[in-house]
Amino acid sequence: MYKVALNFEDGVTRFITTLPLETVADAAYRFGINIPLDCRDGACGTCMCHCESGIYEMDGYIEDALSEQEARRGYVLTCQMIPESDCVVAVPASSEACIRSQQADIHGKLVNINRLSESTLSFTVGGDQIRAMHFLPGQYANVLVPGTDQRRAYSFSSMVSQADESVSFLIRIVPEGLMSTYMAEKARVGENITLRGPFGSFYLREIHRPVLMLAGGTGLAPFLAMLEKIQQGYSEQPIHLIYGVSHDADLVDLDKLESFANAIENFTFSACVVSENSSWPQKGYVTNYIEPAHLQNGDVDIYLCGPPPMVEAVNNYIREKGIRPTSFHYEKFAASK
């Protein structure tokens, strides 16, 4: 049995004790602490934390969830981390966000399906239970694929609309994908949709300094929710979003970004396309468009959401520039069938 100190980003520390061969995540839940967690199989990366001291055993995970570089720097997946001494673990969330919550099924109805491009669609779920949902902008829900027992994870792309008690999601259309096929070919407005959540430690923190947002593909979704939240208040800090996609057809919701740019005084954005065949004026990767002014010599909060190769590329870019951002929050995702 070992003692583990969980240091939350708001300065609060909670202590747990692990049983023999028990993971840190299981021990935390046994103590009533809802640290970020989803798959429990070392496949999603939701439970990534940083081990600041101690010895542990950890295997059985895939590299998309935790890269070799991250593991060498002391990052861990708490669903696979088994302490072999007392440990100190930094949790990238506030203690308040990790208060035990019941993530029960939330039932709603499909109120809109919108094919945004040949590669992307959005869907909206509404109803009384949706109105009562509480989540932080940037978090995600597991959505039950109708007619199956399978769930797929999607970030909320909006806050709950009080006008029609609904919430929206972005989805990349994956050939033969379970949810993609349902939404693109079978779904009808009025059908039942079941959500579970919220999940994730990727969410908007209080803004005290400049913010740089980096979105890859449908990784734009959580930023749309964040910007909606920011629009409801006011921030004197500059906020810049760089949105990168592979092909022209993947560029979606630019009208929403324009609307946010008009409504939020200090918000700007740019978009880029990787494909050499693109007709979009800005070509290349998001790292091509990160300027020194965006990084503020490290006095910046960076939020990054995209596929694993993009996350690794941005991580490497920032390290090569010798920048240590005040905070750096990122979430990897991979389109699943």
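What you have open is a predicted model, in which local features need pLDDT of at least 70 and side-chain atom pairs count only at pLDDT 80 or more, while totals for chains, interfaces and linings use all residues. Residues are numbered from 1 along each chain as its sequence is written, and side-chain values use heavy atoms, with hydrogens and water left out.

**The whole chain**

Switch to a cartoon. The protein chain holds eight helices and 18 strands; these are DSSP runs numbered from the N terminus, with helices (H or I) of at least four residues and strands (E) of at least two. The C-alpha trace spans about 55 × 50 × 40 Å along its principal axes. The radius of gyration is 20 Å, which agrees with the value near 20 Å for a compact globule of 337 residues. That radius is taken over C-alpha atoms, and the globule rule is 2.2 Å times the number of residues to the power 0.38.

Of the 337 residues, 52% count as buried. Buried means under 20% relative accessible area, exposed means over 50%, and partly exposed is in between (1.4 Å probe, protein chains only). Among contacts (heavy atoms within 4.5 Å) with a separation of 6 or more, 69% join residues 24 or more positions apart.

**Two loop residues with positive phi**

Select Leu-21, in the loop between strand E2 (13-18) and helix H1 (24-30). Leu-21 is not a glycine, yet its phi is positive, about 65°. Its relative accessible area of 75% makes it exposed.

Next select Glu-176, in the loop between strand E12 (166-172) and helix H4 (178-186). Glu-176 is not a glycine either, and has a positive phi of about 65°. At 71% relative accessibility, Glu-176 is exposed.

**A cis peptide bond**

Go to Gly-197 and Pro-198, which are joined by a cis peptide bond with omega of about 5°. Pro-198 belongs to strand E13 (residues 192-199).

Follow the chain to Arg-205, in the loop between E13 and strand E14 (211-216). Arg-205 is buried, with a relative accessible area of 14%. Its side chain makes a polar contact with the side chain of Glu-9 at 2.5 Å. A polar contact is a pair of N or O atoms within 3.5 Å; within protein, one must be able to donate a hydrogen and the other to accept it, and residues adjacent in sequence count only if both atoms are side-chain atoms. Leaving aside neighbours within four places in sequence, Arg-205 is in contact with Glu-9, Pro-92, Ala-93, Tyr-303 and His-329.

Now select Glu-312 in helix H8 (residues 308-320). Glu-312 is buried, at 16% relative accessibility. The side chains of Glu-312 and Ser-67 make a polar contact of 3.3 Å. Not counting residues up to four places away in sequence, Glu-312 touches Ser-67, Gln-69, Glu-70 and Lys-332.

**Last stop**

Finish at Ser-246, in the loop between strand E15 (239-245) and helix H6 (254-263). Ser-246 is partly exposed, at 43% relative accessibility. Beyond residues up to four places away in sequence, Ser-246 touches Val-273, Val-274 and Ser-275.
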